[in-house]
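Please work through the exercises below with the sequence and the coordinates at hand. Each task is followed by a worked solution.

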Amino acid sequence: MESIKYLLLSLSFVSIGFSATEKKGFDFGHLLFHHLIDTHDWHITDIPLGNGKKISIAIHLPYIVYDSEHGLRFFFLHGHNHEEKAKEAQKMGYHLDEYGHIRALPNSNKTVIDFSLTKSSLQMILVGLLMLWLFTTIARRYERNPNSPPKGIQSFFEPIILFIKEEIAEPYLGNKANAFLPYLLTLGFFIWFANLLGLTPFNFNITGSISVTAALAVLTFILTQWNGSKDYWHHIFWFPGVPLLVKFIMIPVEILGVFTKPFALAVRLFANITAGHCMVLGLVGLIFVMYLGKGTENFAGAVAIMPLSILFTLVIYSIEIIVAAVQAYIFALLTAVFIGMAMEEHHH
Amino acid sequence: MLLKPELGLFFWTTVIFLTFFFLLAKFAWRPILNALQKREENIANALKAAEDAKAEAQRLKQENEQLLQQARKERERILKEAQEAKKQILQQAKEEAQKEAQQIRQQALQEIEAQKNAAIAQLHNEAAQLALAIAEKLIQQRLQDDKEQQALAQRLLAQLKQNPN
């Protein structure tokens with residue numbers, strides 16, 4: 001009976017591993033956050049053995065930590081559960097927070113930065129390798145048959161590449177489009193693939209991390225400032241065509257504008273992807289809330305809610321597949337727009 | 001927790017993204033974009049070549065048409081000339097024939113005249129001989145009658161005077 005229950009529960013689209021049988025009640029919020037926050041182990045699934053015991057299948061990633069006392073340190077935490085790992089970390093002089101990140105101990109004054117290659121980073125490398133394999137294969141095809149019409153995956157990606165070229169790069173970057181095109185292509189496809197990978201089971205929603213989107217936005221920010229024309233800086237520090245007093249008021253406004261653009265970029269992508277995942281997790285979680293929500297097992301309730309939950313999940317999932325592409329498009333488009341605006345030479 | 005940026009992840013994102021950006025730019029995007037551009041140029045060139053070929057064909061066709069027209073005109077001219085030449089030759093032949101005929105006729109006439117004259121002369125001679133013979137006979141017959149002989153001589157003399165031939 002127990003195994004049938006688990007089988008049914010694991011039929012859901014997003015794999016939700018939980019080990020809450022020994023806990024009283026069911027903390028769905030905790031589980032949700034565990035799914036949305038980067039971790040140090042790639043948890044694939046648990047095989048339940050009954051009596052609250054389970055075999056956990058997971059890849060444990062090494063910790064790379066910088067602290068102001070020891071410099072860079074590279075180590076594994078071998079513990080089977082969070083408490084054991086926390087004890088190990090404590091011995092090394094760190095605090096392990098509830099999501100498995102290394103922090104400074106509350107009363108110490110040394111700087112501790114967790115530089116570990118986490119699940120997110122690992123999956124980003126996976127996305128990168130996938131892109132590298134895919135697009136070098138396509139590139140080879142182009143080089144072998146330069147004048148024949150595209151075939152197979154080449155014909156699937158060519159319109160997308162041309163779309164980024166003709167609808168994103170060329171309208172906003174003009175004759176400089178070719179210089180920025182490799183960056184925009186990498187950006188667009190990276191975000192798109194990362195978004196899609198995040199929608200598949202076992203994988204982490206990379207772009208649902210503010211750190212990831214912020215890093216991408218910072219790169220856009222640097223590119224924008226780097227390519228800023230004389231007119232761009234002139235507009236920021238001495239706004240043309242307004243009275244002297246207004247010029248002084250405009251300076252902080254314009255400077256703020258320089259930073260809000262990439263900030264919005266980072267938050268938009270993060271929020272969209274996270275929101276989608278929250279919806280999916282929430283809808284799937286309804287089953288588990290019904291099942292364990294009141295502290296007692298309610299199998300009939302869980303089964304009753306399943307059709308509704310799965311139907312809604314499917315709808316949201318379909319929307320998420322569109323959102324994955326749309327958000328990648330918007331990020332690449334706005335990057336092109338910002339760089340284009342900064343490069344523009346005004347004629348007064 | 002969700003909104004707190006992790007420096008580690010931020011760092012790795014930057015490193016991973018830039019690494020793959022450089023790799024992709026070098027090994028994927030440049031070849032793909034170059035190939036696309038080359039193909040675009042090839043297509044544009046091919047289209048232009050086709051356009052040129054079409055124009056060339058048009059031009060050749062026109063030229064042919066012109067040549068044909070010219071040939072047609074030439075033929076007409078030659079035919080006309082031939083017709084004229086024919087006419088002229090015929091005319092000439094006719095004229096020559098006429099001249100020849102005229103000449104022949106003239107010659108014939110002359111011949112006839114000559115023959116006639118010869119015949120007349122012969123006739124005269126024969127007539128004269130005949131007359132002489134007759135006269136001889138008559139003279140032989142009628143010499144007994146002197147008067148009549150006299151008259152006849154007179155008459156013959158008159159006749160001879162009138163017509164010496």
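The model is predicted: local features need pLDDT of at least 70, side-chain atom pairs count only at pLDDT 80 or more, and totals for chains, interfaces and linings use all residues. Residues are numbered from 1 along each chain as its sequence is written, chains are lettered from A in the order in which they are written, and side-chain values use heavy atoms, with hydrogens and water left out.

**Exercise 1.** State the domain bounds of chain A and the separation of the domain centres.

Step 1. Domain 1 of chain A covers 2–114 and domain 2 covers 119–343; such bounds come from an automatic or database domain assignment.
Step 2. Between the C-alpha centres of these two domains of chain A lie 28 Å.

**Exercise 2.** Identify which helices of chain A each supply at least two residues of the nonpolar patch.

Step 1. The patch on the surface includes A:Trp233, A:Phe248 and A:Phe259, and its residues have about 690 Å² of accessible area together.
Step 2. The helices in question are α8 (230–237) and α9 (244–292) of chain A.
Step 3. The largest share, four residues, belongs to α9(A).
Step 4. A:Trp233 is located in helix α8 of chain A.

Note on methods. Patches are made of residues with over 30% relative accessible area and no salt bridge: like charges are joined within 9 Å, nonpolar side chains (Val, Leu, Ile, Met, Phe, Trp, Tyr) within 5 Å. Accessible areas come from the Shrake-Rupley method with a 1.4 Å probe; for residues, only the protein chains shown count as cover. A salt bridge is a side-chain nitrogen of Lys or Arg within 4 Å of a carboxyl oxygen of Asp or Glu.
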